[in-house]
Amino acid sequence: MLFLFPLLTAVLQFRDDGDLIRRLKARDANAMADLYDRYGKLTYSLIYRIVRNEGIAEDLVQEAFLRVWNRMAAFDAQKGALGPWILTVARNRAIDYLRSLDGKLSAGLVELDKVEQPSTFAGAGDRALEIDRARALAGAFKKLTENQRQVIEMAYYEGLSQSEMAERMKQPLGTVKTWVRSALQALREELGGLTA
């Protein structure tokens, strides 16, 4: 879905939302219902693909539409179409959530549930294999140094580049690259017996 984001925004550029924009700027509550009917499912799909949790995705859709409603006066149709703007607001909200403490904790809790309560998730042979892989990954991750863990977490949870990591950690870029490379190598060696 994320690789489709540019395609979706390009297609939505040609949708005629002029009347809807006018009604939204006039603070017509019925226009908000129409906006949700038009873009709600697409917005939910995009957010769900990012956060991978139905309840959180539903909450973030509401927050995204509230943000659109509150910022509608500043929307300029000359600068871009309504659909792509809504999807951008939604995508940014989902990414902000993932970067937040709540997002990290939620992602961590799901992984911990898989590792600590395998009977809950192991309905089939594939699930049992998935649990074994999660345990192996957790064990391998614990063997990394603090710096290695930190750079992997920054890359995975926050989507930071190596340059951004170096800036945040106040370390030379070469040092951060070495930590990333050695962490990935250690994980590969530790998990070498597991196949995807």
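Select Thr-43 to begin the tour; Thr-43 lies in helix H3. Helices (H or I, at least four residues) and strands (E, at least two) are DSSP runs, numbered from the N terminus. With a relative accessibility of 0%, Thr-43 counts as buried. Here buried means under 20% relative accessible area, exposed means over 50%, and partly exposed is in between (1.4 Å probe, protein chains only). Leaving aside neighbours within four places in sequence, Thr-43 is in contact with Val-61, Phe-65, Ile-86, Leu-87 and Ala-90. Contact means heavy atoms within 4.5 Å.

The model is predicted: local features need pLDDT of at least 70, and side-chain atom pairs count only at pLDDT 80 or more, whereas totals for chains, interfaces and linings use all residues. Residues are numbered from 1 along each chain as its sequence is written, and side-chain values use heavy atoms, with hydrogens and water left out.

**The whole chain**

Now display the entire chain, which has 11 helices and 0 strands. Of its 196 residues, 31% are buried. Among contacts between residues at least 6 apart in sequence, 57% join residues at least 24 apart.

**Helices H3 and H4**

Select residues 29–51 for helix H3 and residues 54–71 for helix H4. Two packed helices are described by the angle between their axes and the distance between the axes. H3 and H4 pack at an angle of about 135°, and their axes are 8 Å apart. That angle makes H3 oblique to H4. Axes are lines fitted to C-alpha atoms, for helices over the stretch in contact, and angles run from 0 to 180 degrees between N-to-C directions. Angles under 35 degrees count as roughly parallel, over 145 as roughly antiparallel, 65 to 115 as roughly perpendicular and the rest as oblique.

The crossing of H3 and H4 is right-handed. A crossing is left-handed if the near helix is turned anticlockwise from the far one by less than a right angle, and right-handed if clockwise. Residues to highlight in this contact include Tyr-36, Gly-40, Thr-43 and Tyr-44 of H3, together with Ala-57, Val-61, Phe-65 and Trp-69 of H4. The residues of the contact of H3 with H4 divide into 17 nonpolar, 2 polar and 2 charged. In this scheme, Ala, Val, Leu, Ile, Met, Phe, Trp, Tyr, Cys and Pro count as nonpolar, Asp, Glu, Lys and Arg as charged, and the others, Gly among them, as polar.

**Helix H5**

Next, select residues 82–99, which form helix H5. At 1.5 Å a residue, the 18 residues of H5 should span 26 Å, and the end C-alpha atoms are 26 Å apart, which agrees. The expected span is 1.5 Å times one less than the number of residues. Which residues of H5 are buried? They are Leu-82, Gly-83, Pro-84, Ile-86, Leu-87, Val-89, Ala-90, Arg-93, Ala-94 and Tyr-97.

H3 and H5 pack at an angle of about 35°, with axes 9 Å apart, and H3 passes H5 in a right-handed crossing. Among the residues that make the contact are Leu-35, Tyr-39, Thr-43 and Ile-47 of H3 and Ile-86, Leu-87, Ala-90 and Ala-94 of H5. By class, the contact of H3 with H5 has 15 nonpolar, 2 polar and 1 charged residues.

Then show H4 beside H5. H4 and H5 pack at an angle of about 130°, and their axes are 9 Å apart. That angle makes H4 oblique to H5. H4 passes H5 in a right-handed crossing. Residues of H4 including Leu-60, Phe-65 and Val-68 meet residues of H5 including Trp-85, Val-89 and Ala-90. The contact of H4 with H5 divides into 11 nonpolar, no polar and 5 charged residues.

**Trp-85**

Select Trp-85, which is in helix H5. Trp-85 has 22% relative accessibility and counts as partly exposed. Not counting residues up to four places away in sequence, Trp-85 touches Val-68, Arg-71, Met-72 and Phe-75. Trp-85 and Val-68 are 17 residues apart in sequence, and 8.7 Å apart in space, C-alpha to C-alpha.

**Two loop residues**

Move to Arg-27, in the loop between helix H2 (18–25) and H3. Arg-27 has a positive phi of about 65° although it is not a glycine. With a relative accessible area of 44%, Arg-27 is partly exposed.

Finally, select Lys-170, in the loop between helix H10 (162–169) and helix H11 (173–190). Phi of Lys-170 is near 55°, a positive value in a residue other than glycine. Is Lys-170 buried or exposed? At 72% relative accessibility, Lys-170 counts as exposed.
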